[in-house]
Amino acid sequence: QVQLVESGGGLVQAGDSLRLSCAASGLTFNKYTIGWFRRAPGKEREFVVAISWDADNTYYADSVKGRFTISRDNAKNLVYLQMNNLKREDTAVYYCTATPVPIGIIIPTKTDEYAYWGQGTQVTVSS
């Protein structure tokens, strides 16, 4: 059974930093692209970032480029999302997700391209 478990969310002030973690089990981790999506109150789930199986390729949404950094540790089946200079508009539930679709000519940015999802972790940024 595949499990993705997010942690590290919380309540912070604008300008602060947070690091989210995603622990994966039940899948051959180094064969999957890992992504983060988020859903803000009243909005659709949106793509944030993805990292290739070997961490050589990453792809960021414009809204987080330069502020967020994704990384992975395949030996530990972990993915990290370092979020700096957080803004109120970053407030959302953040979801870790996995897909066998590699990052290449096609970048998996749609929810239906991802096979497995975590339960999410809440990030709230106050001004």
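Pro100 touches Lys31, Tyr32 and Ala115, leaving out residues up to four places away in sequence; contact here means heavy atoms within 4.5 Å. The structure is a predicted model, in which local features need pLDDT of at least 70, side-chain atom pairs count only at pLDDT 80 or more, and totals for chains, interfaces and linings use all residues. Residues are numbered from 1 along each chain as its sequence is written, and side-chain values use heavy atoms, with hydrogens and water left out.

Pro100 sits in the loop between strand S9 (92–99) and strand S10 (116–117), strands being DSSP runs of E with at least two residues, numbered from the N terminus. With a relative accessible area of 52%, Pro100 is exposed (over 50%, 1.4 Å probe, protein chains only). Lys110 lies 10 residues from Pro100 in sequence and 13 Å away in space, C-alpha to C-alpha.

Turning to the strands, S1 (residues 3–7) and S3 (residues 18–25) run antiparallel and are joined by 5 bridges, with Val5 partnered by Ala23 in S3. S3 also pairs with S8 (residues 78–83) in the antiparallel sense over 6 bridges, and Ser21 stands opposite Tyr80 in S8. Pairing requires at least two DSSP bridges between two strands.

The largest nonpolar core has 35 residues, and Ile34, Trp36 and Ile70 are among those with the most contacts inside it. Such a core is a set of buried (under 20% relative accessible area) Ala, Val, Leu, Ile, Met, Phe, Trp, Tyr and Cys residues joined through side-chain atoms within 4.5 Å. S5 supplies the largest share of this core, 5 residues. Beyond its neighbours within four places in sequence, Ile70 contacts residues including Ile34, Trp36, Val49 and Leu81.

How values were computed: Helix = DSSP H or I, 4+ residues; strand = E, 2+ residues; numbered from the N terminus.
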